[in-house]
Structure formats: C-alpha cells, structure tokens
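Visitor: Could you walk me through this model? I'd like to go topic by topic.
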Amino acid sequence: MIETDIIIIGAGPVGIFTVFEAGLLKLRCHLIDSLPQPGGQLTEIYPKKPIYDIPGYPTVDAGELIDRLMEQSAPFKPGFTLGESAVTIDEVEDNQFIVTTDKGTKHKAPIVMIAGGLGVFQPRKPPVANLENFEDNGVEYIIKDPEMYQDKRVVVAGGGDSALDWSIYLVENEIASELSLVHRRSSFRGHLDSVQKVMDLADKGKINLITEAEVVGLSGNGSLNAVDIKHKDGSQITKETDHFVPLFGLKPTLGPISTWGLEIEKNAIKVDTRDYSTNRPGIYAIGDVNTYEGKLKLILCGFHEGTIAVQSAFARIFPDKKNVLKYTTVNGVNGFE
Amino acid sequence: MAENTITIHIIDREGVQHDLEAPTDMNMNVMEVCRSYELPVEGRCGGMAMCATCQCYLESDHELPEQSDDELDMLDEAFFVEDNSRLGCQIQINDSIDGIVLKLAPEGN
C-alpha cells in the first residue's frame with residue numbers, strides 16, 4: 001500500500017504544481033493518472049501548442065510547461081502511479097482515505113485532491129451497433145497483450161498513429177494470421193514513416209488495406225466472428241475475423257469521478273471557494289474538474305486553487321499546528337531527502 | 001439589428017432551428033456563439049480543432065474558407081462525418097457568413 005500525505009488524482013499541470021505547494025508545507029504527494037506519462041491534456045493532446053497566459057511566460061509550449069513544472073516539483077519527490085485510473089475512494093479509520101485503481105493499486109492518505117481536468121482519458125468507441133456486446137469477446141480498444149492476437153484474424157480500424165503502428169507491429173512480428181486495416185479516408189494522418197511502412201506492407205500483401213470504408217456491424221455467437229464493412233460507394237462486405245480493434249484515440253470523461261458521492265454540476269465537481277473542498281471532508285477538487293460561481297477553466301486558476309487547497313489540507317492534518325506563511329524568497333525551497 | 005451583428009441559423013440535434021445573433025467585432029467563432037447561447041455544443045478542446053465535438057454540417061450555400069490541415073486531421077478521426085462537415089470552432093463570425101445554416105452533428109463520443 002502506498003502511503004502519503006496527499007493523493008492527487010490527475011497528473012496534469014495543476015496536479016504537478018500542487019506537489020510543489022504541498023512540499024513547501026512539508027506535505028508529501030503521490031499522483032495517479034490513467035495516461036502513461038504526466039502532463040495530462042498538455043502532453044497527451046497539445047504538447048506543441050503555445051500557451052500565452054501562463055504568468056511569467058509570454059509564450060510557452062504546452063509540453064515545455066509540463067517539463068518546467070516537473071522540474072519545479074522534483075525537490076519534493078512526488079510518487080507516480082501512471083497508466084492506471086483511480087476507481088474508488090474509501091474512507092477508513094483515522095480520517096484516512098484509500099484510493100484504489102483499476103489495476104488494484106492501493107494508496108492511503110488523509111487528503112485526496114482531484115485534479116482530473118476534463119476527466120479520465122478513455123478510448124473513443126465508434127458508433128457501431130452491438131459494439132459493447134462484444135467487448136472482451138473479440139472487441140478491444142487497447143492492445144495490452146499482443147500475444148492475445150497470435151495466429152488470429154484481426155481487423156484494426158482508425159487513421160492515426162495508433163492504428164498504423166499496431167497494424168505494423170502485429171504483422172512484422174508475425175502475430176496476426178491476417179490483418180486488415182479499415183479507414184474512412186483514403187489517406188492516413190500518422191507519421192510519414194508509419195504510413196509508408198503500412199503502404200509497403202500492403203503492397204506485399206501482408207496488410208489488407210481497406211480505405212474509404214467503415215466497420216458498420218458486428219456478428220458472432222457470444223464471441224465475435226465477423227464484421228460488416230461498408231464502402232463509401234455504398235457497397236458492403238462481411239469479413240470473417242476473430243478480433244476488431246477500433247483505435248480512434250482517447251477522449252476525457254468524468255467516468256469514476258461521478259461515482260464518488262461528490263456534488264456534480266455540468267460534468268464538474270462543486271467546491272467551496274474558501275478552500276476548494278468538496279462536500280466530502282478531506283477531498284478537494286482543483287483545476288478544470290471543479291466548478292463554482294465565476295469559475296474560469298484556466299491553468300493559472302488551477303494553480304491558485306491548488307495553493308489554497310494545500311493550506312486547508314495542512315490545517316486538517318495538523319489541527320494543532322499553526323502554519324505561518326513562509327515566502328520562498330525568505331525560506332528558499334527545502335526539498336525532501 | 002445592431003451594427004456589427006449577423007444572424008446565424010443553427011439546427012440542433014432535435015431538428016429545431018435557432019436563429020442566433022452574433023457580433024462580428026469580437027473575434028468569435030461559431031462554436032463560441034453556440035456555447036454562449038447554451039446550445040449543446042461541448043467544445044471540449046476550447047476551439048483548438050482538437051476534439052471535433054463542434055462538428056456541424058453546412059446546409060446553406062455560403063462559401064467558407066478552405067479547411068486547414070488541423071481541421072481535416074480532426075474530421076479524419078471524427079464520427080458521422082459527411083462531405084459538408086465542418087468544425088464550428090474554425091468558422092469565424094464575419095459578414096460573409098450572415099444567414100449561414102449549420103446543423104449540429106450527432107454527439108458521436
């Protein structure tokens with residue numbers, strides 16, 4: 001069990017900066033994020049986009065801002081549980097919380113700060129009838145274990161890097177017995193190298209490239225055994241297959257957050273603006289994930305909210321200690337050993 | 001109608017038409033106008049052409065500027081895309097689109 005002072009759900013810019021502010025108060029943090037790397041939307045969606053409203057930076061690329069924040073927080077040695085989604089928050093004795101992820105990893109702390117942004121990133125599911133009936137029965141949205149596809153017929157759908165790279169992987173490593181790549185357009189968006197490789201493999205007959213087409217139906221008795229593919233010209237074929245892997249990227253959803261007994265309004269968590277606490281004592285919500293009258297979904301607002309929230313967290317953990325605000329210009333930054 | 005204002009017609013997902021007045025001097029785009037009138041347009045990415053939740057179908061004859069690579073890339077991975085699909089956040093509010101008719105695309109995830 002991972003034990004800490006503050007569990008931060010969400011390792012985006014606000015979560016990372018909160019580590020720094022907590023560290024100034026000598027509070028340790030551990031962050032949980034469903035993505036495999038910290039940075040949230042900034043790293044996952046728009047790393048190269050310049051941001052113009054971060055105080056002190058006339059312009060800074062999103063990815064670079066995350067790097068700077070990680071550097072700023074590093075002295076306080078945050079722990080990270082990445083590639084896992086926080087699923088439950090349970091209250092246990094001594095005013096502690098246990099946050100458990102979808103992989104069963106448990107974290108214990110007296111304080112939880114939800115810095116979940118727009119929500120946990122989950123795979124986008126194409127609007128195909130019966131899709132959910134075949135989940136884990138032939139339909140997968142993430143390839144966790146490529147060996148699962150050994151000697152199987154696979155239909156991959158999508159036009160981006162994920163679809164291209166997995167198609168290449170399953171063919172070059174002689175895993176799939178047959179691989180078809182279905183895409184709605186005639187051209188692909190991914191890295192030029194990957195696109196070229198797919199084209200080469202298609203020319204050699206190793207990838208069955210089906211463009212200007214979409215998977216529109218699934219069939220099977222319990223397990224998937226065929227997909228219906230409709231071409232732009234209206235014609236339709238049925239293709240026998242063992243697996244259908246739609247790779248259409250990720251989208252953020254409130255997901256498990258909506259099951260934690262918090263007050264939700266317009267897909268955001270209502271908070272008390274005195275300290276950004278939620279209706280559950282000891283649980284705070286900061287950044288884009290929260291809402292209150294006058295809320296602006298700006299990174300800089302999240303920075304402020306995290307700063308205020310950790311002061312409240314300190315008072316909650318140490319009700320008998322008086323915290324005196326110390327300026328970093330006076331005290332410096334005393335990192336953890 | 002006030003100066004520097006145009007009217008855009010948005011057909012929502014129930015088929016109801018909304019006639020919205022939009023200012024031409026505030027650098028707004030269609031997605032922002034829809035959201036300011038509380039129409040169900042998510043605009044998840046804030047207007048960066050990075051989510052396609054503002055996808056709409058151009059139903060009038062208005063000629064729009066050519067789509068950027070970013071917009072085309074985004075529509076590439078969206079669902080329910082038709083030949084007349086556009087991203088609302090990439091359509092700027094100016095006199096040239098006065099009277100435009102746009103239909104909101106289904107919320108395909």
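Visitor: Which domains does the assignment give for chain A?
Guide: The assignment, which is automatic or taken from a database, gives domain 1 as 2-122 + 251-331 and domain 2 as 131-248 in chain A. The C-alpha centres of domain 1 and domain 2 of chain A lie 37 Å apart. This is a predicted model, in which local features need pLDDT of at least 70 and side-chain atom pairs count only at pLDDT 80 or more, while totals for chains, interfaces and linings use all residues. Residues are numbered from 1 along each chain as its sequence is written, and chains are lettered from A and ligands numbered from 1 in the order in which they are written.

Visitor: How many residues are in the largest nonpolar core?
Guide: It has 49 residues, and those with the most contacts inside it are A:Ile6, A:Ile9, A:Val112, A:Met113, A:Ile114 and A:Tyr284. A nonpolar core here is a set of buried Ala, Val, Leu, Ile, Met, Phe, Trp, Tyr and Cys residues joined through C-beta atoms within 7 Å; buried means 20 or more other C-beta atoms within 10 Å, exposed 12 or fewer, and partly exposed in between, with C-beta atoms placed from the backbone.

Visitor: And which helix gives the most to this core?
Guide: Helix H1 (residues 13-24) of chain A does, with seven residues; helices (H or I, at least four residues) and strands (E, at least two) are DSSP runs numbered from the N terminus. A second, separate core of 31 residues includes A:Trp166, A:Leu170, A:Leu218 and A:Ile229.

Visitor: Switching topic, where is A:Glu212?
Guide: A:Glu212 sits in the loop between strand E14 (208-211) and strand E15 (213-221) of chain A, and has a positive phi of about 55 degrees although it is not a glycine. A:Glu212 counts as partly exposed because it has 14 C-beta neighbours inside 10 Å.

Visitor: What about chain B, which strand order does its open sheet have?
Guide: The five strands are ordered E2-E1-E5-E3-E4 in chain B, with mixed pairing, where two strands pair if DSSP finds at least two bridges between them.

Visitor: Why is one side of E2 and of E4 left without a neighbour?
Guide: Strand E2 (17-23) and strand E4 (85-87) of chain B stand at the edges, each with a single partner strand, so one side of each has no neighbour in the sheet.

Visitor: How many residues of chain B are in contact with chain A?
Guide: There are 10 residues of chain B in contact with 16 residues of chain A, contact being C-beta atoms, placed from the backbone, within 7 Å.

Note on methods: Contact = placed C-beta atoms within 7 Å.
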